[in-house]
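Grab a viewer and a pencil.

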Amino acid sequence: MQDKVGNSKLTKFMRAGAALGAILMAGAAAPPPPASDISPASALDAMSSATVTNGILSAKVYLPVPSGFYHGTRFDHAGIVTHLTYKGQDYGRYWFSETSPEVHDFTYDGDKVVVGPASAVAGPVEEFDEIGFDAAGVGGAFLKIGVGILKRNTEKYDHVLLYPIVNEGKRTTKATKDGVRFTQDISGDPSGYGYSYVKTVHMVPGKPEMTIAHVLKNTGTKPIVTMVYCHNFLSLSPGDENIELTAPFILKPERTPDPALAKVEGRSLRYVRKMSGQDTVSTGFTGFGDSSSDYDFRTVNTATGFGVRTRADQPLARINMWSIATTFSWEPYIAISLNPGETRRWTYTYDYFAGGEH
């Protein structure tokens, strides 16, 4: 997550102006709602979703339908997981207090975090890098996997803007007790981009384990070259107090975190005090190799013992991390390159645990 934070009402007003400019550039017919048009995050719980469980884990998986809560053009619309709960610990609470269509990315209003439509998501959720934006020219078409074919209407790409969707393709959803299977197919588009995308969220029987499996096939005439990361909005501890992440390699931060907030020591990133207000810890990391075994991270609240192990069957291409007082987000990237007709498969595995279990 990237953001410029400001101060309460003034920042909110400035961001409202930025949002208005973005909407006008996108060709909107009307100005944004007034500043009073703010909704509590809890209202999102009523949006269309499937509740999945294996009797050990349970979660809400939101659906990419008109009555679903996410309609931005930043994140994959399929398989947004919130309120994943194990032994009473909610790993996927909303990291924001309120939502507002006037906010560009997110901002602070006193002790509240207010988020705009592009970033109003939670839990495991994925974002693919845009494809073909520079080559499209203003008014041309570019691609965001999981969203669709979009219209370029800005000089520079900004992932928290709302771009017009010109072709979302055909979507289908099949929900069962312990999982949801999503498909999205775009074919015959004049842009030359096309794909078949299957994403399956599944609770593994008899285990505190969830998998998110993907199958992506390039069905167009142009290559698909992108990266994808999972924005793991974890809610393990207020203020990220006592959070510790461990990697299978020596972590090398691109920027040294504020030592009053967090420290990187060998294979671990450890928070040394509770964050509050507008505190933030954010940096990229290197140090990993070219083996999928390096995509294996353990995050734990050392005070409560609750944690999660996050794995994938692909090598890492990049790592970012971002955290504020309401969430800890470790963001591993996978590189994808598909010529027409080629297919790529990848799976994330989440193992949840309590004290003494892992």
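The exercises below go from the whole chain to the space inside this predicted model.

**Exercise 1. Work out how many helices and strands the chain has, and how much of the chain is buried.**

Solution. Start with the secondary structure: the chain has two helices and 28 strands. Next, look at burial, taking under 20% relative accessible area as the cut-off. On that basis, 53% of the 358 residues count as buried.

**Exercise 2. Find what share of the contacts with a separation of 6 or more links residues 24 or more positions apart.**

**Exercise 3. Track down the cavities of 30 Å³ or more and describe the lining of the largest cavity.**

Solution. First, the idea: rolling a probe the size of a water molecule over the atoms shows where empty space is left. Here the count is one cavity of 30 Å³ or more, and the largest cavity has a volume of about 150 Å³. Its lining has 16 residues, with Asn 232, Leu 234, Val 308, Thr 310 and Tyr 350 closest to the centre.

Now assign the lining to strands. β4 (80-86), β18 (232-234), β24 (296-301), β25 (307-312) and β28 (343-353) each give at least two residues, and β18 has the largest share with three.

Finally, sort by class: eleven lining residues are nonpolar, five are polar and none is charged.

Technical notes:
Residues numbered from 1 in each chain as written. Predicted model: local features only at pLDDT ≥ 70, side-chain atom pairs only at ≥ 80, totals over all residues. Heavy atoms only, no water. Helix = DSSP H or I, 4+ residues; strand = E, 2+ residues; numbered from the N terminus. Buried < 20%, exposed > 50% of the residue type's maximum accessible area, 1.4 Å probe, protein only. Contact = heavy atoms within 4.5 Å. 1 Å grid on protein atoms, 1.4 Å probe; cavity = no way out; pocket = protein on both sides within 12 Å on 5 of 7 lines; lining within 4 Å. Points joined across faces, edges and corners; volume = space filled by probe spheres on them. Nonpolar A, V, L, I, M, F, W, Y, C, P; charged D, E, K, R; others polar.
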